[in-house]
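This report looks at the aromatic rings of one protein model. Have the sequence and the structure at hand while reading.

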Amino acid sequence: MIIRRLLHTRVPLPYSTAGGLPPFLSSHALKHIGEVWQEDMMRKLNDQVQGTENSTKSLLQTVLSTSLSPSTSLTYSYSSLLLSNHLFLSSLSPTPTTLSPSSPLLAGLEKTYGSFKNFEDVWQQTALNTYVAGHLWLVYYAPQEKLEIKWTAGSGTVVVPGGKREMNFQTAPSNGNRQLFPLLCLGLWERNWVWDYGVGLEAKEEYVKRHLGAVDWKKVEGKFEEIRRGVVKPREAGETK
């Protein structure tokens, strides 16, 4: 007889936390962000979903099903923060890669921002101009075939199109082919940089400055290609059953 576990559990990162992500995050910081904090938040989420229909849903499904109801706001917040944190960390690597010169992703960034350097500048400035904790996103808006930078505050997320918890994103009418896909995420929470950089604006600046250098761009490119080919399905991130 097979007994299925019904509660959310943390999915390990695609790399070990032992060596950290130098020079972006030390092993101590990475372990706290990717394991200790994630496990603690997962326990809080499971306390909320125990005995409910959300105990059998994926993390992404939980975010979507609880995003608009005041009665499930705590469940939404926990699941959304977990999902965003996982998306943030899973795009990084101890052996980061660069964009291929012939990459469609690079071409898309150059089309929107003029150059990859301009994209970097806008990415960093957007992060530094936000004074409320949240997340910074690179997203692909399929109807317009456009790459854009978005910011969401607190537990807001771009995976809830048009939801009241999402900020700085106007969704087009939903007709099955109008979709926004997150490609890259940066967690803008002091708990992420305090371990290595300290507190204050200068600490945040250094954290933001080093982020893109730790990205596995080959992985991001691969995801972008799957999206453009139409083979991407909703991904379960941050949990197993």
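## Aromatic rings in the model

Arg191 is placed over the face of Trp189, at 4.3 Å from the ring centre. The model is a predicted one, and the values in this report are computed from it.

The next topic is rings that pair with other rings. A pair of aromatic rings is described by the distance of the centres and the angle of the planes. Rings count as a pair if their centres lie within 6.5 Å, and by this rule there are 10 aromatic pairs. One of them joins Phe116 and Phe119 in a tilted arrangement, 5.6 Å centre to centre with 45° between the planes. Both residues belong to helix H5 (residues 116-128), where they are 3 residues apart, so about one helical turn separates them. Phe116 is partly exposed, with a relative accessible area of 21%, whereas Phe119 is buried, with a value of 0%.

Tyr197 and Tyr207 make an edge-to-face pair, because their ring centres are 6.1 Å apart and their planes stand at 75°; planes over 60 degrees apart count as edge-to-face. Tyr197 lies in helix H6 (residues 190-197) and Tyr207 in helix H7 (residues 201-211), so this pair ties together parts that are 10 residues apart in sequence. Tyr197 and Tyr207 are both buried.

The two pairs are listed here.

| Pair | Centre to centre | Angle between planes | Arrangement |
|---|---|---|---|
| Phe116 and Phe119 | 5.6 Å | 45° | tilted |
| Tyr197 and Tyr207 | 6.1 Å | 75° | edge-to-face |

Which residues form one aromatic cluster? They are Phe24, Phe88, Trp193, Tyr197 and Tyr207.

Conventions. Residues are numbered from 1 along each chain as its sequence is written. This is a predicted model: local features need pLDDT of at least 70, side-chain atom pairs count only at pLDDT 80 or more; totals for chains, interfaces and linings use all residues. Side-chain values use heavy atoms; hydrogens and water are left out. Rings of Phe, Tyr and Trp (its six-membered ring) pair if their centres lie within 6.5 Å; planes under 30 degrees apart count as stacked, over 60 as edge-to-face and the rest as tilted. Helices (H or I, at least four residues) and strands (E, at least two) are DSSP runs, numbered from the N terminus. Buried means under 20% relative accessible area, exposed over 50%, partly exposed in between (1.4 Å probe, protein chains only). A charge sits over a ring if NZ of Lys or CZ of Arg is within 6 Å of the ring centre and within 35 degrees of the ring normal.
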